[in-house]
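The following note sets out numbered comments on the model shown below. Please read each point alongside the coordinates.

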Amino acid sequence: MKKTIILAAMLALPTFAGQKVIVNQAPVAPVAAPAVASPWSVEGAFTYNWALSKIAKDGDCKKKLKNVMGGDITGVYALDENQAVTLRFGYTWAGRKNAAGVYGHEKVRQHTFYLMPGYRYTCPIATDWSFFAGVNVGVANASTKDTDYWDYTVAGERYRSKESYHKAAWGFAYSIEAGVRYAITESVDVFGAWDFNGNTASCKLPHGGKTKAQINTGFRVGVGVKF
């Protein structure tokens with residue numbers, strides 16, 4: 001009987017040897033690659049300047065525009081952790097209303113659009129805080145409108161008149177800024193900077209003289225968002 005069992009096992013051995021052994025294993029989840037930070041970000045900012053810009057009329061009458069306000073949208077592409085290139089599109093507005101003796105008044109308005117590529121350097125100074133400095137150079141279109149209103153009475157006769165001009169010119173635009181930035185989250189930050197800016201746009205006026213190039217000093221505050 002014992003020999004019979006051994007003989008049966010030997011005959012069945014080739015059958016088991018030809019079969020594959022299947023081992024059940026739990027599926028292994030693939031390891032996700034680390035996320036790569038985007039080099040792109042965008043900024044929206046408000047600007048306020050106490051301007052040195054002057055408007056010249058009739059060659060000798062000079063008026064100084066104050067409270068130059070505006071805004072800009074800036075695209076930022078990071079080259080590395082510290083350096084970036086920028087492209088800024090902005091707009092500024094300035095106006096002034098002056099009394100013109102006892103007979104009337106004068107309104108002066110100036111609008112400027114500018115487009116400037118630039119370079120920026122940023123370095124950390126504390127947790128969530130960093131310092132940055134940048135320079136931008138591009139083109140600007142400055143538009144100046146001056147309107148004189150006259151309303152007076154002579155010998156019982158009332159006289160009214162209006163005289164105005166509207167001129168525009170192209171020139172170079174520039175900006176130098178330095179400021180600090182605070183990171184609210186990994187993708188959102190706020191910033192404030194001292195800003196020295198201006199343009200060379202100047203156009204001739206109807207009565208002689210010409211508008212003066214803008215030279216402004218002020219501040220720029222805004223919000224930056226990373227993609």
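Which residues lie nearest the centre of the largest cavity? Point 2 gives the reply, after the conventions.

1. Basis of the comments. This is a predicted model, in which local features need pLDDT of at least 70 and side-chain atom pairs count only at pLDDT 80 or more, while totals for chains, interfaces and linings use all residues. Residues are numbered from 1 along each chain as its sequence is written, and side-chain values use heavy atoms, with hydrogens and water left out. Strands are DSSP runs (E, at least two residues), numbered from the N terminus.

2. Largest cavity. Thr92, Tyr114, Tyr174, Asn197 and Gly198 lie nearest its centre, among 19 lining residues. The space in the largest cavity amounts to about 170 Å³, and the count is 3 cavities of 30 Å³ or more. On a 1 Å grid over the protein atoms alone, a cavity is a set of points where a 1.4 Å probe fits but cannot get out; lining residues have an atom within 4 Å of a point. Volumes are the space filled by probe spheres set on the points, which are joined across faces, edges and corners.

3. Cavity lining. Strand β9 contributes the largest share, 4 residues, and at least two residues come from each of β1, β5, β6, β8, β9 and β10. The lining divides into 5 nonpolar, 10 polar and 4 charged residues. Here Ala, Val, Leu, Ile, Met, Phe, Trp, Tyr, Cys and Pro count as nonpolar, Asp, Glu, Lys and Arg as charged, and the others, Gly among them, as polar.

4. Pairing around β9. Strands β8 (residues 157-183) and β9 (residues 188-199) are antiparallel, with 11 bridges, and a hairpin of 4 residues joins them. Two strands pair if DSSP finds at least two bridges between them. Tyr174 has Gly198 of β9 as its bridge partner; both residues are also among those nearest the centre of the largest cavity. Glu177 stands opposite Asp195 in β9.

5. Largest pocket. Its volume is about 900 Å³. A pocket is an open set of grid points with protein on both sides within 12 Å along at least five of seven lines. The lining holds 33 residues, of which Glu81, Thr122, Arg181, Asp189 and Lys226 are the closest to the centre. Strand β6 gives the largest share, 5 residues, and the lining comprises 15 nonpolar, 9 polar and 9 charged residues.

6. Salt bridges. The whole structure contains 9 of them, defined by a side-chain nitrogen of Lys or Arg within 4 Å of a carboxyl oxygen of Asp or Glu. One of them links Glu43 and Arg120 at 2.6 Å, N to O. Since Glu43 belongs to β1 and Arg120 to β6, the pair ties together parts that are 77 residues apart in sequence.

7. Surface patch. A nonpolar patch with about 1,100 Å² of accessible area together includes Trp40, Tyr77, Leu79 and Phe227. Strands β6 (104-126) and β7 (129-154) are the elements giving two or more residues to the patch, whereas Leu79 is found in the loop between β4 (68-78) and β5 (83-100). Patch residues have over 30% relative accessible area and no salt bridge, with nonpolar side chains (Val, Leu, Ile, Met, Phe, Trp, Tyr) joined within 5 Å; areas follow the Shrake-Rupley method with a 1.4 Å probe, and for residues only the protein chains shown count as cover.

Conventions: Patches are made of residues with over 30% relative accessible area and no salt bridge: like charges are joined within 9 Å, nonpolar side chains (Val, Leu, Ile, Met, Phe, Trp, Tyr) within 5 Å.
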